[in-house]
Amino acid sequence: MNYTKYSIGSSSLQLSIILFCTAIGLLLSPAYGFSEDSVRVKTYLQPVLLTSAGQAADVMILRGLALRAGLDIKYRPNATADSLNDVKAVILVAGGSSKGLGAAKIDVKDEESRIKKLVKAAEKAKLPVLVFHIGGEARRGALSDPFNKLAADAGELIIVIKGGDDDGMFKKIAAERKAAYRSVDKQIALVDVLKEIFPKAEAKP
Amino acid sequence: MTTKTSQIHKTSTVDVKALRRSALYSLFIGIAVFAAGADFVEQRRVEPLFPSFSLSQTRHLSDYLSSLRNTHCDTDIYIFNGRQPGGTALILGGTHPNEPAGYISAVVLVENLAVEQGRIIVIPRANASAFTATEPQEAFPAVFTLTGRRGKPRLFRIGSRFTNLLDGWPDPIVYRHHPSGQILSGNETRNLNRAYPGRADGTLTERTAYAIAEIVRREKVDLVIDLHEAAPEYPVIDALVAHERAMNIAAMAIVDLQMVGLDFRLEPSPPNFHGLIHRELGDFTGAQAMLLESAGALQGRLRGATNENLVIKSKDPFYTQAARLGKLQVPFPPEGIPLEVRVGRHLEAVTLICKSLSDAEPAKAVLFKNVPDYQAVIEKGVGFWLQ
Ligand SMILES: [Zn+2]
């Protein structure tokens, strides 16, 4: 958690203490509306099911990042309701790829229906769904956005790499659904983010 | 009489002059023909490489397909065995000899490698025929010079994207890829990276592709990495393109590359685009096949003066402007994307891909030392890593 923005800079000790206590109070208050940059450390349990919404290669990158973060992940590119049996959270990596769909021989409609069913089953099993959009601008547009929306509509946490939400679509969906939203500069920064939201994970060397 | 004599005298003077003139013309033409001929023959001379002391064996592509013997596509294959058993990696440079970063990275490997585990096979001039000509109307310099570690100038050839037309004339109107039947434009007949998996009795380019596929089969290659360079406006750039069976290792390598500050895009091999090395060797052999792209202004359509400086520095005012206008697919700083950056990225990627393979499948481990990483190439320059 980053307290530095509440750091004590005033010459008046009294004022500093008041400010500090207010900051702590606000952070601890569940009703407090967090700004986009502040860190809401809701944590999740493992193992995590990792799947794609749109079959972009981004899911493989997230798998790599999660492995480097030491997460216990079950990667199932074509996860269905059955894949939820032995996991405690679901990560959806949003973004469509015609190459990915082509290589997996899946058409757009089938992929959409798989995601819808998976999300429904996760909801039923009370499993948290976390949405990652890590492909930037390249994973926005006509092919990707239906998958992006499907995923975002299911997420209780939406994490977007810079460039992927310049129009604020994800942010808007997150606000409407009262989901947590985080914008991260670079993919590699997700290693720390993943460690943070899956705190039991121990980093592999 | 006197007049006549003087006339005769005059005429003979004119004749001698004409004779001299035509002799001079002939001499000039002769010199020009000789120079052009020498230039032509010179393009076929293969510049020497100086493999590291840990080289185990040099073979030839024709050892894998005898019909390549005495053709311009026969080329040296450098084999480095580690002490410990492991997997085998095949690394190709010069698939497109107009892309110096790929060729030079392979040369740096040959001249520095010390394999500890497994085996590395390097082919620096995968399409050797394409090194014997530059592309018409592209105004590429024929050679460029780097200064080796001991101050020795090292001359490297720039070739064409395509097998020399003299080795496969004429092109058909359309190129029908074997075995998919995919149709491309006729000149692609001579593009090695559209010829895989190749054909033993096909064109010279198809036979070259076939011989490379034969290496993969006979030597039980686990990992294939083909090194390239492309235009900054091309979408698949600063990228690692991987067959679906290679995605796992490619993705781990990309994460590790990000950890050392190098961004690469992960691009899946297009399932329906045939002839590409990652698609066909991935489909037709047991290897995990991938291709690395670096960005060079030399490759682009927007480039200005195409000279040795552009080859080495890849600095170009038109590209700087294009970057400012947001028209490029990669960052293009005003100082360009010098050969150090392009080669450094390739070498770091090769190292981390091999590491990924070794982590994921220890029985196929390929581990080596003495190859400079990105920082070392940036700090010391490319030449420092050449003999
Ligand atoms: Zn190329």
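Let's start with a pair of helices: helix 2 of chain B crosses helix 8 of chain B in a right-handed sense, where right-handed means that the near helix is turned clockwise from the far one by less than a right angle, and left-handed anticlockwise. Helices here are DSSP runs of H or I with at least four residues, strands are E runs of at least two, and both are numbered from the N terminus. The model is predicted, so local features need pLDDT of at least 70 and side-chain atom pairs count only at pLDDT 80 or more, while totals for chains, interfaces and linings use all residues. Residues are numbered from 1 along each chain as its sequence is written, chains are lettered from A and ligands numbered from 1 in the order in which they are written, and side-chain values use heavy atoms, leaving out hydrogens and water.

**Helix 2 and helix 8 of chain B**
- Helix 2 (residues 100–112) of chain B packs against helix 8 of chain B at about 60°, with the axes 9 Å apart; axes are lines fitted to C-alpha atoms over the stretch in contact, and angles run from 0 to 180 degrees between N-to-C directions.
- That angle makes helix 2 of chain B oblique to helix 8 of chain B, given that under 35 degrees counts as roughly parallel, over 145 as roughly antiparallel, 65 to 115 as roughly perpendicular and the rest as oblique.
- On the helix 2 side of chain B, the residues in contact include Pro100(B), Ile104(B) and Leu109(B), and they meet residues of helix 8 of chain B including Leu339(B), Arg342(B) and His346(B); contact means heavy atoms within 4.5 Å.
- By class, this contact of helix 2 of chain B with helix 8 of chain B has eight nonpolar, three polar and one charged residues (Ala, Val, Leu, Ile, Met, Phe, Trp, Tyr, Cys and Pro count as nonpolar, Asp, Glu, Lys and Arg as charged, and the others, Gly among them, as polar).

**Helix 4 and helix 8 of chain B**
- The axes of helix 4 (residues 247–259) of chain B and helix 8 of chain B come within 8 Å and cross at roughly 125°.
- This makes helix 4 of chain B oblique to helix 8 of chain B, and their crossing is right-handed.
- Among the residues in this contact are Ile249(B) and Met252(B) of helix 4 of chain B, and Leu352(B) and Ile353(B) of helix 8 of chain B.
- The residues of this contact divide into nine nonpolar, one polar and three charged.

**Helix 5 and helix 6 of chain A**
- Helix 5 (residues 144–152) of chain A and helix 6 (residues 169–177) of chain A have axes that come within 10 Å and cross at roughly 25°.
- That makes helix 5 of chain A roughly parallel to helix 6 of chain A, and the crossing is right-handed.

**Nonpolar cores**
- The largest nonpolar core has 107 residues, and Ile91(A), Phe132(A), Leu190(A), Phe198(A), Ile104(B) and Met290(B) touch the most other members; a nonpolar core is a set of buried Ala, Val, Leu, Ile, Met, Phe, Trp, Tyr and Cys residues joined through side-chain atoms within 4.5 Å.
- Helix 8 (residues 339–360) of chain B gives this core its largest share, ten residues.

**The chains**
- Chain A has seven helices and six strands, and 49% of its 205 residues count as buried (under 20% relative accessible area, with exposed over 50% and partly exposed in between, using a 1.4 Å probe and protein chains only).
- Chain B has nine helices and 13 strands, and buried residues make up 57% of its 387 residues.
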